[in-house]
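Reader: Could you talk me through a few pieces of this structure? I have it open beside me.

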Amino acid sequence: MNITNRLKNTNRSISESTSKLSSGLRINKAADDAAGLSISEKMRAQIRGMNQAERNIQDGISLIQTAESGLGNIQDPLLIRLRELAVQAANGSLTDSDRLIIQEEVRQIKEGINDIANNTYFNGINLLNNGSNEVVNQDGEIKPGSLSFITYVGENISTLGRSTLIGNSGNIQNAIGVEILSGINDQLTIKFDDAAYSINISAGVYRGSSTALYDDINSKLRAIGAPVELSNAYSHWDDTHMRTLLTSTISGNHKIEVEGTAFNEIFTEERTRSIRYEVLGREADFSIGYSVKSGVNDTLHIKDLGIDKVIVLAEGTYSRDELIDQLNNQFDSVGADILASFSPAFGVNVSDGPGNKHYILSLTHKSSGSPNAIQLVSGNALNPLFMRPVIPGDVWNPKTKSFLTTNLDLTNGIVINADSNRWEIGLERSINKTFILDEGSYSSSEFIDYLNSEFQKKSAGIIAVDDNGMLKFEREMNGSSYQITDFKITDISGNENGSSSDQTFLGLQVGSNQGATYKVQLADVRTKSIGVESINLSLQHEANNSLVQIDKAIEYVSSHRARFGAYQNALGHVLNNVMNASSNLSAAESKIRDADIAKEMMKNTKETVLLQATQAMLAQANQKSSDILQLLK
């Protein structure tokens with residue numbers, strides 16, 4: 001029986017070894033290695049997923065190459081040719097009939113751009129037209145995911161090369177001029193990187209020209225080693241205004257502050273209206289309201305008819321109206337006979353209309369019209385409320401407004417419901433204004449008026465405009481420093497309805513696990529989306545003006561081509577990583593699952609020898625039984 005048991009075990013061992021040798025696997029069934037089988041199967045799922053991810057990435061690269069090729073054809077020759085035609089049409093040697101012929105080619109170019117945008121497909125996916133132009137459905141409601149926009153950054157005439165503090169120079173330019181009284185309004189302190197430099201201005205009357213006054217101040221500042229210089233300059237900020245510039249004389253970014261009893265005379269505009277003294281800033285930007293931070297810009301030291309008064313503003317973010325209320329409450333609390341207000345919005349550029357608005361903070365004495373009835377002396381809120389600091393490279397002379405154009409068509413009105421009543425608009429890439437709109441149906445004009453009233457309440461610094469039926473947002477302040485950077489529509493809970501830029505996103509599954517997704521942002525490069533739909537070269541002045549639009553369109557298409565190129569390079573790196581990971585994981589899985597052939601051959605040979613020996617012993621045992629039976633016969 002012992003020999004029989006050993007024979008059975010040997011046969012079973014040979015069978016297992018033969019199975020492993022024939023399959024090449026160490027684990028053929030769960031009984032071979034339960035834990036190893038579990039690990040191996042999970043690894044195999046990962047490997048199969050990675051292999052598919054490789055194919056996904058390669059398909060994604062092909063998709064991106066297709067899109068980039070279409071963009072290349074739009075950019076050159078179509079947009080390049082369009083610009084060439086604009087330059088030609090702007091030439092005064094052409095007649096209007098010549099320009100009409102040019103306009104016919106422009107029409108063909110526009111059709112060509114739209115043809116490419118509408119017919120660039122990959123596996124049925126339109127790559128350069130992210131959906132229908134229709135954002136509003138037949139009921140006037142905004143379609144989810146349909147919103148897109150294009151931003152335009154305003155232009156500037158010049159920038160400042162060094163740190164500068166900008167103030168109003170209205171006093172020195174008017175007929176009355178500036179009167180400096182010894183011991184009354186002659187003290188000026190400049191803080192440069194927190195180092196203080198104090199001087200006393202020579203008493204006298206300065207009018208018509210800033211030369212004598214500024215020479216006196218600059219000579220005294222130089223004498224005590226203050227690294228700043230006072231000057232004034234004409235600005236295109238508006239068509240008449242001169243600015244006072246307190247500029248660093250050394251390169252680099254520096255913190256400059258100014259205070260003292262002469263602050264009003266040098267950096268503000270003073271006037272008397274209805275027998276009341278008034279002092280005005282000009283340069284500070286209140287188009288988007290004012291934020292107060294405790295210990296940073298909350299304190300203002302003034303003199304009210306020679307009596308010192310100090311107010312401290314409560315921390316918070318204020319609209320213009322809220323800021324005025326806060327200032328007046330604080331003036332009342334210290335017994336100051338002063339009324340704060342904002343001037344009505346007025347144009348700050350030679351051009352007229354929206355986009356050129358500015359708000360001036362004014363302090364008026366309630367009972368006195370005498371000079372120096374209000375003196376702005378010091379405090380960390382003095383400069384932020386009445387001046388504007390700029391760092392090297394900042395714009396001080398803006399020319400045109402920034403704006404954001406949407407694909408939201410208001411021609412037939414709009415319906416705001418619970419899915420589209422939360423509007424968020426981004427400014428200067430760090431400021432967000434949120435508006436909860438009233439639900440209901442609006443005509444185009446009603447909606448524009450309603451939006452602007454809501455913007456005004458929150459001092460949003462933007463204006464809603466009906467631009468040939470499309471909704472457009474314009475920045476109240478001019479120049480590239482005052483941008484509109486983002487726009488989206490969500491429901492009341494913040495679930496996004498629209499999108500944050502001109503696009504649909506495609507998610508490429510580039511790994512074997514959940515979340516291993518690479519997002520590719522598609523473009524909308526139809527003529528309406530890139531801003532060349534309304535290009536008209538039939539008139540010379542329009543041809544000249546269109547150059548900026550065409551340049552922006554070329555830049556827009558270039559940015560998308562660059563982004564697709566970056567996508568392609570990034571996916572190439574992802575592909576290499578997935579291939580390496582798949583190879584390494586396959587090797588690891590093989591060590592767990594695959595058989596060691598040499599070891600199994602040795603084991604099989606051993607078990608075969610044992611089998612033969614056992615069979616021989618069993619035969620011998622059987623023979624002994626036969627011998628005994630023979631003797632019994």
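Predicted model: local features only at pLDDT ≥ 70, side-chain atom pairs only at ≥ 80, totals over all residues.

Reader: At what angle do α2 and α3 pack?

Author: Helix α2, residues 34-89, and helix α3, residues 96-119, pack at about 165 degrees, with 10 Å between their axes. Angles over 145 degrees count as roughly antiparallel, and α2 and α3 are therefore described that way. The crossing in which α2 passes α3 is left-handed.

Reader: And which residues meet there?

Author: From α2 the contact includes I74, L78, L82 and L85, and on the α3 side I102, V106, I109 and I113 are among them. By class, the contact of α2 with α3 has twelve nonpolar, four polar and three charged residues.

Reader: Switching to Q75, is that residue buried or exposed?

Author: Q75, which lies in helix α2, counts as buried because its relative accessibility is 10%, where the cut-off for buried is under 20%. Apart from neighbours within four places in sequence, Q75 is in contact with I80, I554, V557, S558 and R561.

Reader: Now the sheet with β28, what is the strand order?

Author: This open sheet is formed by three strands in the order β29-β28-β33, with antiparallel pairing. Strands β29 (431-436) and β33 (484-490) stand at the edges with a single partner strand each, so one side of each has no neighbour in the sheet. Direction ignored, neighbouring strands of this sheet are turned by 15 degrees against each other on average.

Reader: How many bridges join β28 to β33?

Author: Six bridges join β28, residues 422-427, to β33, and E424 stands opposite K488 in β33.

Methods. Residues numbered from 1 in each chain as written. Heavy atoms only, no water. Axes fitted to C-alpha atoms, helices over the stretch in contact; angles between N-to-C directions. Helix = DSSP H or I, 4+ residues; strand = E, 2+ residues; numbered from the N terminus. Parallel < 35°, antiparallel > 145°, perpendicular 65-115°, else oblique. Left-handed = near helix turned anticlockwise from the far one by under 90°. Contact = heavy atoms within 4.5 Å. Nonpolar A, V, L, I, M, F, W, Y, C, P; charged D, E, K, R; others polar. Buried < 20%, exposed > 50% of the residue type's maximum accessible area, 1.4 Å probe, protein only. Pairing = 2+ DSSP bridges.
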